[in-house]
Amino acid sequence: MTELASFVDAHVGRRIRLLRGLRKYSQEKLAKALGITFQQVQKYERGANRVGAGRLYELAQILEVPVGFFFDELEGFGSSDVRMGRLHEKQAPFQKSKGSSEKTSSETPDKKDGGIELLMLPETLELARAYYSISDEKIRQQLMNFIRDVAERSS
């Protein structure tokens, strides 16, 4: 396996783990939906085993995302360079929030995948779940503004 392939496999695995966590699926639940063992899911998530095209399609269906989601934020994906006999298309990111003032990866803590690992932390998921459990949109917005203010002052 080439270095590029193993890098891509690890990236896809991290995206699987991220979505599984966001959807509150255990490895066992995802494995059952796919008809495989939870150990196989673990191997996919670590990038130890490559996810085939058919399996990636199944994962996208189960996790309710486009197949391209697994390649979002992958360095070099979407470049217009022609390298090693491959053509790359420009790809739009899976999801961007409307009107959000998202910080760029240079402003986030030093994480090699532009913050993906931050999204996989249990406390991040807990914070997101708590935030969205607040039914009053106005209170959620006030909380968001407060958090941004605190973050801005502490940096």
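Modeller: The model is a predicted one. Its chain comes to seven helices and two strands, and the elements run α-α-α-α-β-β-α-α-α from the N terminus. Of the 155 residues, 27% count as buried.

The count of salt bridges is three. In one of them, Asp-9 pairs with Arg-50, with 3.2 Å between the closest N and O atoms. Asp-9 belongs to helix α1 and Arg-50 to the loop between α3 and α4, so this pair ties together parts that are 41 residues apart in sequence. Asp-9 counts as buried because its relative accessible area is 9%, under the 20% limit.

Another salt bridge joins Glu-45 to Arg-20, and here the closest N and O atoms are 2.5 Å apart. Glu-45 lies in helix α3 and Arg-20 in helix α1, so parts 25 residues apart in sequence are tied together by the pair. Both Glu-45 and Arg-20 are buried.

The side chains of Glu-58 and Arg-55 also form a salt bridge, at 3.1 Å from N to O. These two residues are three apart in helix α4, so about one helical turn separates them. Glu-58 is partly exposed, with a relative accessible area of 31%, and Arg-55 is likewise partly exposed, at 22%.

Conventions
Residues are numbered from 1 along each chain as its sequence is written. This is a predicted model: local features need pLDDT of at least 70, side-chain atom pairs count only at pLDDT 80 or more; totals for chains, interfaces and linings use all residues. Side-chain values use heavy atoms; hydrogens and water are left out. Helices (H or I, at least four residues) and strands (E, at least two) are DSSP runs, numbered from the N terminus. Buried means under 20% relative accessible area, exposed over 50%, partly exposed in between (1.4 Å probe, protein chains only). A salt bridge is a side-chain nitrogen of Lys or Arg within 4 Å of a carboxyl oxygen of Asp or Glu.
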